[in-house]
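Work through the exercises below with the model open. Try each task before reading its solution.

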Amino acid sequence: MAASPQILSFPGRVQLTEPTGIPEFDRLTGGLPTGAITEIFGSPSSGRTSLLLSLFAAMSMQGKVCALVDSTDSFDPASAERAGVRLANLVWVRCNRHAGHAFKAADMLLHGGGFGLIALDLADLPRRVLQHIPLSYWYRFRRAIEHTPASLVVLSTEPQVKSCATLLLETKRSRLDLSGAPGFHLLRGLEMQLLPRKPVRSATAQLRAEAIR
Amino acid sequence: MYACLHLSESQEEAGESLLALARQFTPLFERAAPETVVLAMEGMERLLGSPLEMAEAIEKQAREANLSVRIAIAGNPDAAIYAARSYSGITIVPPGEEQKWLGSLDISHLPLTPETEETLRRWGIRTFAQLAALPETGVAARFGQEGVHLQRIARGEYSRPLIPWHPDLTFERHEELEHPVELLEPLLFVIGRQIHEICDALRQSSLATNEIQLVLTLEGNVENRRTLRLPVPLNIAAPLRQLIQLDLEAHPPQAAITGVRIEARPVMPQRLQTGLFLPQAPEPAKLELTLKRIEKLVGEGRVGTPEIPDTHRPGAFRIQLRQAFQTEPARQEERRQISLALRIYRPPLEAEVDLRDGAPARIKAAGIRGRVLNYAGPWRTAGDWWRNDAWSRAEWDIALSDQSLYRIYFDMREDRWFIEGRYD
């Protein structure tokens with residue numbers, strides 16, 4: 001039996017959330033907000049994608065259908081499978097570095113309905129492209145997803161969704177775990193810190209992404 | 001109650017008229033032979049009256065259709081068939097009197113094998129009544145189940161459900177256009193009408209289609225054939241029309257169109273038993289349409305479900321459009337481990353790598369440069385040596401001075417360095 005949704009109180013309103021099965025994430029945020037936009041941002045190699053794949057794994061294992069709008073064709077199915085993502089429940093849209101296509105595809109998926117989690121990966125798009133994204137896109141997305149059981153997760157290097165994000169999380173790499181003597185190192189994993197930027201909280205969470213070859 | 005209509009004289013071309021006559025009274029009828037149909041008349045009393053009035057109504061319609069038919073009404077289909085074949089005009093066999101009406105008929109009317117007929121005649125059995133009078137156990141001992149079946153027919157006791165007749169099901173529409181059509185909109189008008197008719201026919205037969213062939217006849221009598229394969233059988237016109245529209249927009253015909261033919265392959269519709277507590281999944285028809293629209297936007301083969309083929313080749317994957325999802329939740333794990341993800345560069349970035357003591361020390365590629373602070377490796381992999389696209393490489397995980405973690409590899413066949421992706 002899948003874990004039941006929880007209700008998280010944000011100042012001024014009540015937000016439904018879905019447990020992700022990642023204890024640190026759930027403790028910090030109360031779960032993934034449904035019917036709302038969540039943005040995960042951070043510098044490269046800070047663990048954003050690892051966290052996103054874990055969210056995909058949690059949702060697809062609950063039997064939900066997920067979609068990834070991959071603006072830069074950087075999704076690695078093998079990494080996703082290692083993370084526990086049920087690939088059969090994932091729709092992957094490869095946009096070949098075309099931001100406009102990525103936004104249109106996300107819009108179609110949001111309006112198509114029936115998805116549990118839709119992710120829009122903008123992490124590798126250049127800043128000059130992202131600067132030209134009108135804010136109205138995010139309002140449209142927020143309007144399309146509200147009152148639905150779906151979650152929209154946006155992955156980026158710098159915050160893009162602005163006021164339309166219900167949950168804004170920053171990832172920071174805290175440590176790289178290499179074992180073995182110099183010259184015979186083995187990459188064991190990456191430790192990261194999860195900082196809630198909206199709603200602002202002093203609490204943080206430490207997560208570890210294991211390197212599995 | 002069953003009514004049998006039997007053409008009283010050989011009217012080969014009247015077979016279709018007989019079917020049309022039967023359809024005027026009931027959709028449930030059996031075509032027992034080309035000149036014989038049996039109609040289920042149960043419940044028709046309130047509409048047509050007594051059995052005699054029913055028979056007269058049928059006879060009146062037959063006369064109007066210029067058909068000369070014998071009509072018999074009985075309590076079971078076989079009694080009605082034998083009565084209609086044996087008696088002219090209208091025959092009403094009251095319930096319980098079947099044996100009286102059928103008794104005088106010759107046994108040659110029964111579906112006998114030559115051996116059975118010969119045996120019966122040697123016994124002196126000539127009529128239905130004589131066969132009906134034989135002891136049941138004796139008939140069963142001599143002829144087995146077949147004999148019991150024949151005796152029940154001869155007694156007028158055998159009742160069975162009708163085998164309903166259906167016309168040959170074809171889901172194909174063809175139209176020659178008066179003038180060549182060059183624009184998509186008028187063409188879609190024609191296609192939309194044909195699709196509507198096909199979907200109506202499919203729904204009437206409780207069927208759907210998972211493959212549509214669109215054959216356009218172009219000027220110069222050239223055929224342009226497009227095949228649409230649907231992951232989920234559909235029998236709704238609107239999404240099918242839109243799918244054809246998207247396909248035509250992506251692959252426009254090269255000349256004006258003079259004819260349109262649409263063929264739909266009939267299959268059983270998909271039946272899903274959804275659970276109250278199962279997660280919601282996209283509606284198949286809507287999802288198919290959404291994915292086709294996205295495919296039109298991003299290009300063919302760039303949207304779908306990823307699959308990892310059975311190979312060790314790095315970065316190998318397949319992508320295909322599918323609609324079948326596993327909405328059954330998996331068994332809940334105690335704690336989910338986060339796995340370090342790789343973001344792939346497609347194609348891999350060619351790099352210049354400086355080595356120190358055989359390990360990467362500095363790297364330079366498009367948009368990436370820096371000093372290697374830490375490294376792990378090499379991991380050597382090779383495979384498919386019997387093919388032209390064999391691979392052989394040494395992989396390294398490196399931490400650069402720009403705080404990023406990369407996977408790089410040295411391609412031993414090409415003698416070059418590449419950055420495969422960035423850990424994130």
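**Exercise 1. Burial in one helix**

Which residues of H8(B) are buried?

Solution. The model is a predicted one. Step one: apply the cut-off, which is 20 or more other C-beta atoms within 10 Å of a residue's own. Step two: list the residues of H8(B) that pass. They are B:Val139, B:Phe143, B:Gly147, B:Leu150, B:Gln151, B:Ile153 and B:Ala154. Step three: look for the cover. It includes four helices of chain B: H4 (77-86), H5 (98-102), H6 (114-122) and H7 (128-133).

**Exercise 2. Span and bend**

Compare the span of helix H8 (residues 136-154) of chain B with that of a straight helix.

Solution. Start with the expectation. At 1.5 Å a residue, 19 residues in a straight helix would span 27 Å. Now take the end C-alpha atoms of H8(B): they are only 12 Å apart. Next, look along the helix for a bend. At B:Phe143, H8(B) bends by about 135 degrees. B:Phe143 is also among the buried residues of H8(B). Finally, check what comes after the helix. B:Gly156 follows H8(B), and its phi is positive, near 75 degrees.

**Exercise 3. Overall form of chain B**

How does the radius of gyration of chain B compare with that of a compact globule of 424 residues?

Solution. The globule would have a value near 22 Å. Chain B has 37 Å. Next, take the box along the principal axes: the C-alpha atoms fill roughly 110 × 65 × 45 Å. Then turn to the domains. The assignment gives domain 1 (2-154), domain 2 (172-267) and domain 3 (342-423). The C-alpha centres of domain 2 and domain 3 of chain B are 50 Å apart. Last, check burial: 32% of the 424 residues of chain B are buried.

Key: Residues are numbered from 1 along each chain as its sequence is written. Chains are lettered from A and ligands numbered from 1 in the order in which they are written. This is a predicted model: local features need pLDDT of at least 70, side-chain atom pairs count only at pLDDT 80 or more; totals for chains, interfaces and linings use all residues. Helices (H or I, at least four residues) and strands (E, at least two) are DSSP runs, numbered from the N terminus. The expected span of a helix is 1.5 Å times one less than its number of residues. The bend at a residue is the angle between axes fitted to the seven residues ending there and the seven starting there. A residue is buried if 20 or more other C-beta atoms lie within 10 Å of its own, exposed if 12 or fewer, and partly exposed in between; C-beta atoms are placed from the backbone. Two residues are in contact if their C-beta atoms, placed from the backbone, lie within 7 Å. Domain bounds come from an automatic or database domain assignment. The radius of gyration is taken over C-alpha atoms; the globule rule is 2.2 Å times the number of residues to the power 0.38.
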